[in-house]
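Reader: Hello! I am new to this structure, so please pick a single part and take me through it slowly.

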Amino acid sequence: RGKTMGIVGESGSGKSSLARVIVGLLPARTGAVKLHGATLAPDLKGRTRDELRKVQLIYQQPDVALNPRQTIGEIIGRPIAFYFNRSPSEVKARVNELLRLVGLPEDYAGRLSTALSGGQKQRIGVARAFAGHPRMIIADEPMSALDVSVQAAITELLTTIQRQSRTTMILISHDLSLVRYMADRIIVMYLGHIVEQGTAEQIFAPPYHPYTEALLSAI
């Protein structure tokens, strides 16, 4: 709880595929996904509502992750109503709480996502992911579509909320500096395989695995 596992590797190494297997969007060819010792069904349809709630995903592209026809209140409120069967007034109160948590005014609940900037959209994605009080967040390249000036703010936001909620996070990124800053442990993937894993200090200190060294030299 409260720890971050970073997954790094070049494009096509299997990082996002692994995330989708964990969430249940892709079936695993072999092996199993376990959460607190319990084996999860390989696809979403086989998982209980509570199992779905416990593992949430922050998407790479905030522009396409939010329904442009729904208000921000509807986007954030949907998982609250789905997982907890709350009344409309309770959903509204929780939406306002989450908006404050991610640093946005409460009146944003009535806006459409098309009126927001990229950084604001990603804040909504973070609020939606945490709406169900998950045990684990999978952040799949959450900064890659954002301006450099916005990335630091979203990084600090994620770190703060995770620290407060004691949520486990899997951070997928090709940005080794970001992973080094946020992750407690790191997995290095190449062609669908884990080629190295360890603490951040171990991964970023010599002797390096040849592939890890190649990644570091490409910075």
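Author: Let's begin with arginine 53, which counts as buried because its relative accessibility is 13%; buried means under 20% relative accessible area, exposed means over 50%, and partly exposed lies in between (1.4 Å probe, protein chains only). Before going on, please keep in mind that this is a predicted model, where local features need pLDDT of at least 70 and side-chain atom pairs count only at pLDDT 80 or more, while totals for chains, interfaces and linings use all residues. Residues are numbered from 1 along each chain as its sequence is written, and side-chain values use heavy atoms, with hydrogens and water left out.

Arginine 53 has a salt-bridge partner in aspartate 50, with 2.9 Å between the closest N and O atoms. The term salt bridge here means a side-chain nitrogen of Lys or Arg within 4 Å of a carboxyl oxygen of Asp or Glu. Aspartate 50 counts as partly exposed, at 38% relative accessibility. Both residues belong to helix H2 (residues 49-54), where they sit three residues apart, about one turn of the helix. Helices are DSSP runs of H or I with at least four residues, strands are runs of E with at least two, and they are numbered from the N terminus.

Aspartate 50 also pairs with lysine 54, and in this salt bridge the closest N and O atoms are 3.4 Å apart. About one helical turn separates lysine 54 and aspartate 50, because they are four residues apart in helix H2. Put together, Asp50, Arg53 and Lys54 form a linked network of salt bridges.

How many salt bridges does the structure hold? There are five. One of them joins the side chains of arginine 100 and glutamate 106, at 2.4 Å from N to O. Arginine 100 is partly exposed at 48% relative accessibility, and glutamate 106 is partly exposed at 38%.

The largest nonpolar core has 45 residues, and Ile76, Leu99, Ile124, Val126, Leu158 and Ile186 have the most contacts inside it. Helix H6 (residues 118-130) gives the most to this core, with five residues. Such a core is a set of buried Ala, Val, Leu, Ile, Met, Phe, Trp, Tyr and Cys residues joined through side-chain atoms within 4.5 Å.
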